[in-house]
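Welcome, and thank you for taking a look at this one with me. My notes follow as numbered points, so please keep the structure open while you read.

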Amino acid sequence: MTRVNPRQGLCVPCPARLGVHFTLRIDSLDSPAPLHLPRYLIPLDLRNVPQYRFDAVVVGSGAAGSTAALQAAGSGAAVALLSKASLEDSNTLLAKGGMAAVVGEDDSLASHVQDTLRLGCDLSDPEVVESVVSGGPAAVQALLDMGAELDQDESGGLALSKEGGHSSHRIVHAGIDATGREIQSCLVRQVRTCEGVSSFEQVFAIDLLSTADGTVAGVLCSTERRELVVFQAAQIILATGGAGQIYRETTNPAIATADGVAMAVRAGAVVRDMEFIQFHPTCLYIAGAARVLISEVVRGEGGMLRDRHGRRFMPEFHPAAELAPRDVVSRAVFDSMLATDDTSAYLDLSGLDRDPHVAFPGISSTCEFFGIDIATDPIPVRPGCHYQVGGLKVDRCGRTSIPGLWAVGEVASSGLHGANRMGSNSLLEALVLGAATGQAVGEAVRGNDSRSLPTFTVREAGPRTPPVRVNVDDLIYSLKSLMWRELGVRRTGQGMSEALDKMRFWSRAVQAMPLEDPRAWEFSNMLEVAQLITIGALAREESRGVHHRTDFPNPRPEWLAHSELRPQGHDAAIESVVIERRNLESALSNS
Ligand SMILES: Cc1cc2nc3c(=O)[nH]c(=O)nc-3n(C[C@H](O)[C@H](O)[C@H](O)COP(=O)(O)OP(=O)(O)OC[C@H]3O[C@@H](n4cnc5c(N)ncnc54)[C@H](O)[C@@H]3O)c2cc1C
């Protein structure tokens with residue numbers, strides 16, 4: 001069984017703004033090495049692969065990637081924007097509640113900053129929070145300038161709603177709960193008409209290509225017709241979104257398979273706080289139905305959570321009952337399921353003042369299809385993986401630890417969310433930091449007049465010959481179930497250690513398989529990132545924010561720190577990751 005080694009060596013002084021002045025390195029996992037990854041997913045021979053050159057390549061066309069691409073193009077850069085699906089298909093498209101921004105008269109930037117810091121459980125970077133929150137009003141104006149139809153109140157001003165954790169009405173929305181759809185369509189319209197952006201749909205980014213000095217300067221991709229191509233650029237932005245598909249229960253769409261984190265780690269990038277995965281407490285749970293998210297607004301209108309015996313349980317868990325923070329409600333729903341030996345809890349809308357069919361037409365029609373009348377029948381719900389809080393460690397302009405590589409949006413750990421993400425702050429982050437990253441990349445393009453072609457260091461691997469046929473879909477299902485069971489809303493050291501052993505076993509099998517199509521690449525990426533989440537969660541021997549361990553149920557002062565995972569290896573493989581516990585500096589200065 002894998003064991004986390006509590007030995008903590010190597011104490012190096014480093015500057016800090018908060019907390020204890022140390023960087024503590026943890027010799028975290030006993031042999032065998034906690035991770036072994038080939039540098040590239042497929043055997044490589046670039047001689048016959050067509051190469052296209054741009055000033056910048058953006059991988060991912062959600063809110064973060066599209067915004068960054070438009071901004072970089074606005075600075076004169078020739079930008080390629082890639083999506084493995086359509087340009088629209090993304091987590092952004094599904095965003096419901098809205099985007100937080102201080103635009104109300106009785107609101108203030110200081111209050112939004114305080115709310116965000118409080119929910120981040122002391123791990124957010126106050127300067128990043130301040131700068132993202134301050135960018136909110138301009139981000140709303142930019143949306144309006146693009147023609148976004150945001151909902152209005154009776155006086156013609158922006159209609160603002162309030163969500164859990166926010167102390168004011170500051171959620172800007174569109175189509176009541178179709179905000180992501182409106183934002184994504186506006187951005188895609190801009191992208192399609194912007195001269196500086198060439199977009200490529202159904203193009204799967206497999207791996208980042210590095211030069212001899214470790215700089216990233218290309219992306220190896222597979223087109224819809226399964227042809228390999230390389231997009232070269234001195235500046236590459238990853239905006240590939242989150243990792244929700246790693247879990248059996250998730251609100252995330254099919255594209256959310258952790259590709260960006262996985263490929264960046266294979267290229268040597270540092271990731272931070274991967275253990276923090278946010279669960280949404282109320283996903284519709286009907287066999288055969290998509291795990292549609294039932295938003296807080298339903299509970300805000302008076303929806304109550306009950307167990308199979310009709311007992312309302314939330315008041316026992318939190319004074320705010322059904323409107324407690326998401327992580328608290330998720331754990332309560334989970335505990336109620338265990339206590340009553342049931343597969344879900346139930347949302348009861350029978351006491352609402354309004355007709356729930358009129359108030360929530362989307363939920364009403366989905367449930368009706370499955371024979372549930374939401375005005376009278378309890379709706380079965382359970383938690384689902386919703387948001388990847390950690391990610392690639394970036395500075396305030398989106399620079400990762402690798403020269404030439406940038407990251408923004410859900411794939412990145414910018415310092416905004418800390419140990420928990422406040423609802424409606426991620427669209428804000430995608431737009432504000434998307435613009436900041438695009439601008440910094442535009443400046444980098446202007447400062448780089450090199451016209452020479454990069455030479456990639458590629459160590460060719462031989463073709464893989466599996467001894468047996470492996471069923472990738474079966475492996476994916478097993479991984480998702482394992483993550484839901486052992487790395488879900490409640491975790492234990494023993495369960496996670498056993499899970500990591502299983503993942504290592506699958507990893508060895510995967511490394512013998514020929515990985516020939518996107519599904520196999522996605523599985524490999526999910527398996528890699530599942531291990532990073534597990535390693536981070538094993539190391540963090542405390543409970544904080546969305547990370548809850550029943551064997552360490554409280555926050556611990558020594559973990560008022562980030563966990564950083566640094567890949568160790570050479571140009572053919574990543575041999576291991578080293579975990580460091582770092583105090584709360586935000587930039588990459590101490591990397
Ligand atoms: C159901 C739901 C509701 C939500 N509601 C809200 C809300 O109300 N407010 C809020 O602030 N947040 C909300 N969120 C979270 C928010 O939507 C996301 O965090 C945010 O949209 C992420 O934006 P992004 O640009 O980083 O990634 P995404 O929008 O997910 O875009 C990722 C892009 O990367 C591409 N991609 C991925 N891998 C590859 C690859 N290998 N090669 C090529 N392309 C690739 C995808 O095709 C896609 O274009 C919600 C999320 C969900 C799932």
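1. Which of the 41 residues around the ligand come nearest? They are Gly60, Gly62, Asn91, Gly241 and Gly409. Please keep in mind throughout that this is a predicted model.

2. Where does the rest of the shell around the ligand come from? Several elements each supply at least two residues: helix H1 (63–74), helix H2 (91–94), helix H6 (179–193), strand S11 (204–210) and helix H13 (425–447). By class, the shell around the ligand holds 16 nonpolar, 20 polar and five charged residues.

3. Three strands form an open sheet in the order S7-S9-S8, and their pairing is antiparallel. At the edges are strand S7 (99–100) and strand S8 (160–161), each of which pairs on one side only. Between S8 and strand S9 (residues 171–172) there are two bridges, again in the antiparallel sense. To find this spot on your screen, look for Ser161, which stands opposite Ile171 in S9.

4. How is the protein divided into domains? Domain 1 covers 8–44 + 465–582, while domain 2 covers 281–385. Where they meet, five residues of domain 1 are in contact with five residues of domain 2. The side of domain 1 that touches domain 2 has two nonpolar, two polar and one charged residues.

5. Strand S19 (residues 379–388) deserves a careful look. Is S19 mostly covered or mostly open? Mostly covered: ten of its ten residues are buried. S19 pairs with strand S16 (residues 277–284) through six bridges, and the two run antiparallel. In that pairing, Ile277 has Gln388 of S19 as its bridge partner. S19 also pairs with strand S18 (residues 345–348), in the antiparallel sense and over three bridges. Here Tyr346 has Pro380 as its bridge partner in S19.

6. Asp348 lies in strand S18. Why does Asp348 count as partly exposed? Because 19 other C-beta atoms lie within 10 Å of Asp348, whereas a buried residue needs 20 or more. Leaving aside neighbours within four places in sequence, Asp348 is in contact with Gly303, Met304, Arg306 and Pro378. Asp348 and Asp307 are 41 residues apart in sequence, and their C-alpha atoms are 10.0 Å apart in space.

7. Helix H14 has 15 residues and spans 21 Å from its first C-alpha to its last, close to the 21 Å expected at 1.5 Å a residue. Which residues of H14 are buried? They are Ile476, Leu479, Leu482, Met483, Trp484 and Glu486. Helix H15 (493–512) and H16 are among what covers these buried residues.

8. That brings us to helix H16 (residues 518–539) itself. With 22 residues, H16 reaches 31 Å from its first C-alpha to its last, close to the 32 Å expected at 1.5 Å a residue. H16 is mostly covered, with 19 of its 22 residues buried.

Notes
Residues numbered from 1 in each chain as written. Predicted model: local features only at pLDDT ≥ 70, side-chain atom pairs only at ≥ 80, totals over all residues. Near = placed C-beta within 6 Å. Helix = DSSP H or I, 4+ residues; strand = E, 2+ residues; numbered from the N terminus. Nonpolar A, V, L, I, M, F, W, Y, C, P; charged D, E, K, R; others polar. Pairing = 2+ DSSP bridges. Expected span 1.5 Å × (residues − 1). Buried ≥ 20, exposed ≤ 12 C-beta atoms within 10 Å, placed from the backbone. Domains from an automatic or database assignment. Contact = placed C-beta atoms within 7 Å.
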